[in-house]
Amino acid sequence: MTEKILTLLKEFLKNNNIEDLDIGEIMKSLSVDAIMSMISGNDEYVVKKNGNLEKFNADKLSRSIKNAADMAGMQLNSSDIAIILKDVADKLFHGDKKRLTRTNEVRNIVIDTLANEGFSKIRDAYEAYAQSQN
């Protein structure tokens, strides 16, 4: 990896308020194309609890929300899910430079969004599930 990419990666992490990651591990776990896509703002990434980076996956988040709804004995239609996902993504990746976030931030924003959209039972189930994952 060239010095320029390394410098860009460091600047990217700083701009996203995530400076405690091991850059060497990032370079090992992501291809140069993936790093450049993330840095250039084409893709959003999530910092997992173990420090690994993973491309933000709205389908995975949608499944988690649907599972929480099932646990709460409720059903969400596709338009409900779409609205929730849009609200979450807008809050997570606001601004031109924000393309990286931590899983706990995703979790907290989902919980807030479910509450704000009137899905308090689903919020409670999602929060209980999230806490069991810690």
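The exercises below work through a predicted model of one protein chain.

Residues are numbered from 1 along each chain as its sequence is written. Because the model is predicted, local features need pLDDT of at least 70 and side-chain atom pairs count only at pLDDT 80 or more, while totals for chains, interfaces and linings use all residues.

**Exercise 1. Overall layout**

Determine which secondary structure elements the protein chain has and in what order they come.

Solution. Helices (H or I, at least four residues) and strands (E, at least two) are taken as DSSP runs, numbered from the N terminus. The chain has seven helices and three strands. In sequence order they give α-α-α-β-β-α-α-β-α-α. The C-alpha trace spans about 50 × 30 × 20 Å along its principal axes. Of the 134 residues, 38% are buried, where buried means under 20% relative accessible area, exposed over 50% and partly exposed in between (1.4 Å probe, protein chains only).

**Exercise 2. Helix α6**

Solution. The buried residues of α6 include Val-106, Ile-109, Val-110 and Thr-113. An α-helix has 3.6 residues a turn, so residues three or four places apart point the same way. After α6 comes Gly-118, with a positive phi near 90°.

**Exercise 3. The aromatic pair**

Search the whole structure for aromatic pairs and classify what is found.

Solution. Rings of Phe, Tyr and Trp (its six-membered ring) pair if their centres lie within 6.5 Å; planes under 30 degrees apart count as stacked, over 60 as edge-to-face and the rest as tilted. The search gives one pair. Phe-56 and Phe-93 have centres 5.2 Å apart and planes at 75°, which is edge-to-face. Phe-56 is in the loop between β2 (53-55) and α4, and Phe-93 is in the loop between α5 and β3, 37 residues apart. Both are buried.

**Exercise 4. Asp-43**

Decide whether Asp-43 is buried or exposed, and list its contacts.

Solution. Asp-43 sits in the loop between α3 (32-39) and β1. Its relative accessibility is 17%, so Asp-43 counts as buried. Contact means heavy atoms within 4.5 Å. Setting aside neighbours within four places in sequence, Asp-43 is in contact with Ser-37, Met-38, Lys-55 and Arg-99.

Terms used. Heavy atoms only, no water.
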